[in-house]
Amino acid sequence: MKKLTAAAGIALLAVSSFQSAVQAEDKADHQTDHQIREMFQTSKVLPESMPRFIYDSGLSFEYPDAVRGIYVTGHSAGGERFNSLLELMNTTDLNAMVIDVKEDHGYLTYVPEEDSPYYDIGQPYIKDMRGVLETLEENNVYPIARVVVFKDSVLAQKRPDLSFQDNGEIWANGRGESFVNPFEKEVWDYNVEIAIEAAKMGFQEIQFDYVRFPEGFENRDDELVYGTGQYGDDEGDNVSKRVDAVSDFVAYASKQLEPYDVDVSVDIFGYSATLPEAPGIGQNFTRISESVDVISSMIYPSHWTSYFGIEKPDLEPYNLIAEYSKVENAKLAELKDPPVSRPWLQDFTASYLGSGNYLVYGAAEVRAQIQALYDNGINEFLLWNAGNSYTEGVNYLP
């Protein structure tokens, strides 16, 4: 267009003998220009909705009427126990497995391809992850990948700069566990890429666990040496920065996983729903809930101190779960688009609480927790047993 305007300017200064020729040429150019603009305008008309890329794993699962699931370690999924757990699915109303993909130490529970950046953290607990998923597909069992995020001794040892250091050593808690730093985006991407690989394999949901700073971090945040990444220059105190980092990770991970057609869930401490936020660990129940499809509060009766007016919660599984459910329901009701509530329930005996402070958990105690959820309009749940030995004879339906 700039060339046409310049030519017209020259034409006006030309001698009269060329005027008619120039006018004819200008008319032709104008017609050509009109056609070009008409073509351009036509090409700008876009359909109201453009198809977006969605990865197809080649496996097909239907979301159950309501997820009723169990936790499964890599050792169980890759060993003989898998068959008995599958039998449990097929002979009860349980219908989902939460399988460790990245476990509590930071290892993968399978060995990826040799060219994978995660090859060195792979463990052969599950020798054929795809085969496990195909078996679940055949048996209509809904597969959920558990990815432990910020508790990661393996990455902390490999990359001390991404962890927390104390007197030049990598900090570890009383159980010898180290964490990596939620302020560092490199840590975010490290875990998101693992989640993407799980989605590609065929998992229908990514469940992020340990999405937090270490417990009691507020008591040592001024003592430990660590980077603050993009949050270093932010205004606000350390509490708000921690909450921002954890909440931002969840939002970022959910966005990155959108092309893989998976749901995203987060495990969160139950008491986080009872507070404006859990300042030490950086968990804000509302902000995390705004970015996920499913929120899974860990509300094992044994994990509460005297709460909700219940002096010894492990002795009152129904009452503890019922009182918690009321608080969570009120919190989620404040959201415009709340996630599905799918709490973790206790299917183990907490004898470590000492005589008089715990019950032996059997079918009645597990059922009492489930009933408390149903009575408060919560229809999904997950059962936790670290050894994957689940109680027989439980009625799991409303």
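Predicted model: local features only at pLDDT ≥ 70, side-chain atom pairs only at ≥ 80, totals over all residues.

Modeller: Residues are numbered from 1 along each chain as its sequence is written, and side-chain values use heavy atoms, with hydrogens and water left out.

Biologist: Why is Arg212 called buried?

Modeller: Buried means under 20% relative accessible area, exposed over 50% and partly exposed in between, with a 1.4 Å probe and protein chains only. Arg212 has 4% relative accessibility, so it counts as buried.

Biologist: What does Arg212 touch?

Modeller: Beyond residues up to four places away in sequence, Arg212 touches Phe150, Phe179, Pro182, Val246, Phe269, Ile281 and Gln283. Contact means heavy atoms within 4.5 Å.

Biologist: How do α7 and α8 pass each other, right-handed or left-handed?

Modeller: Right-handed. That word applies if the near helix is turned clockwise from the far one by less than a right angle, and left-handed if anticlockwise. Their axes come within 10 Å and cross at roughly 35°; axes are lines fitted to C-alpha atoms over the stretch in contact, with angles from 0 to 180 degrees between N-to-C directions.

Biologist: Which residues of α7 make that contact?

Modeller: On α7, Lys185, Trp188, Asp189, Val192, Ala195 and Ile196. By class, the contact of α7 with α8 has nine nonpolar, one polar and three charged residues.

Biologist: Which element gives the most to the lining of the second largest pocket?

Modeller: α7, with four residues.

Definitions and conventions. Helix = DSSP H or I, 4+ residues; strand = E, 2+ residues; numbered from the N terminus. Nonpolar A, V, L, I, M, F, W, Y, C, P; charged D, E, K, R; others polar.
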